[in-house]
Amino acid sequence: MAYKHFKIILPAIFVLTILFGLFQHSQRKYTYHFHKDNQAAELQNYYQKAQSIRGSETKTTTSATFLAVGDIMLSRNVALSVMTEAPTHGKYSTGYPFAKMEDILNSTDFNFANLESPFDPNFNGIIGGHSMVFGAPSNLIAGLRDFNFKIVNLANNHAFDMGLKGLDFTRQALDQTYIHHEGTGDNLDQAWTPAVVEANGLKICFVGASYASVNDSGKTKNNYVARIEDLDKLQSAINKSKLECDLTVVSMHAGVEYTRMPNAAQTRFAHAAIDYGADVVIG
């Protein structure tokens, strides 16, 4: 019987010992002794060190500006005006259509436009008249360069006005003039590949698409012009650009002429671009 009582009392004593120790711990007071002079010196050292670190950090903000304009068409009567009215010297010859906006166009790091007239591979271009087939004299590309256009969209309904040969010639001419382009390519993967413009250390990706591949209201598709209904390709292009660039700009050539309200196709494309991560959408 004594042994049985011992087995009960021993754990009870153990538990009481722990509880007593915890009570003592809660009642214990801790006192820290600081010498006032040392404390002040230590705080002063920390302060001086913090100020030193703060002073060594240079806060810089990197920014870039660009102007987005609408359709540029350098064929028909625009080309005729350049031939007959423009001065015959300097950039005001090939750049005559932009001359009166020189201050604005040169106030930015670069400019963006929808180039709606391919360049004529035969160099002559379509001069004057009212033809719905556009073809610009190839020497007018210098005007784009001289007035700060560094990126153009080629995905539009007039991309094929000079045929595939004209589209290829236009892309090559832009490359040789160091003007980036988006929206067309040797195949659709290339057409959807973001074009990268660098300005002030920033990389800006441009992705472009059109409502039509040729000038037939979007009926005919081809493998050279990015289309706004291809939302899967849009998403892939934006994903790629987010990995490569600091900013993603998506542009579309779409809508009903002479109206101010976007149609359903435009809205769907723009909302998708934003949902996929575009920073700017230009229509």
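Buried residues (under 20% relative accessible area with a 1.4 Å probe, protein chains only; exposed is over 50%, and partly exposed lies in between) make up 39% of the 283 residues in the chain. This is a predicted model, in which local features need pLDDT of at least 70 and side-chain atom pairs count only at pLDDT 80 or more, whereas totals for chains, interfaces and linings use all residues. Residues are numbered from 1 along each chain as its sequence is written, and side-chain values use heavy atoms, with hydrogens and water left out. The chain has 10 helices and eight strands, taken as DSSP runs (H or I, at least four residues, for helices; E, at least two, for strands) and numbered from the N terminus. Of the contacts (heavy atoms within 4.5 Å) with a separation of 6 or more, 73% are between residues 24 or more positions apart.

- Asn114 of E2 stands opposite Asp71 and opposite Asn153 in E3.

**Nonpolar cores**

- A nonpolar core is a set of buried Ala, Val, Leu, Ile, Met, Phe, Trp, Tyr and Cys residues joined through side-chain atoms within 4.5 Å.
- The largest such core has 21 residues, and those with the most contacts inside it are Ile72, Phe98, Leu115, Phe119, Leu144 and Phe149.
- At least two residues of this core come from each of E2, helix H6 (141-146), strand E3 (149-153) and helix H7 (163-176), and H7 gives the largest share, three residues.
- Another core of 16 residues lies apart from it, with Ala209, Ala226, Ile238 and Ala278 among them.
- Beyond its neighbours within four places in sequence, Ile72 is in contact with Phe98, Ala113, Asn114, Leu115, Glu116, Ser117, Leu144 and Phe149.

**Pocket and cavity**

- On a 1 Å grid over the protein atoms alone, a cavity is a set of points where a 1.4 Å probe fits but cannot get out; a pocket is an open set with protein on both sides within 12 Å along at least five of seven lines, and lining residues have an atom within 4 Å of a point.
- Grid points are joined across faces, edges and corners, and a volume is the space filled by probe spheres set on the points.
- The largest pocket holds about 580 Å³ of space, and of its 27 lining residues the closest to its centre are Asp71, Asn114, Glu116, His253 and Ala254.
- Strands E1 (66-72), E2 (110-115) and E7 (247-253) are the elements that give two or more residues to this lining.
- The structure holds one cavity of 30 Å³ or more; the largest cavity has about 50 Å³ of space.
- Leu115, Ser117, Pro118, Leu154, Asn156, Ala159, Leu167 and Thr170 line the largest cavity.

**Asn222**

- Asn222 is found in the loop between strand E6 (202-210) and helix H9 (231-244), and is buried, with a relative accessible area of 18%.
- Leaving aside neighbours within four places in sequence, Asn222 is in contact with Phe160, Leu188, Ser213 and Val214.

Notes
Two strands pair if DSSP finds at least two bridges between them.
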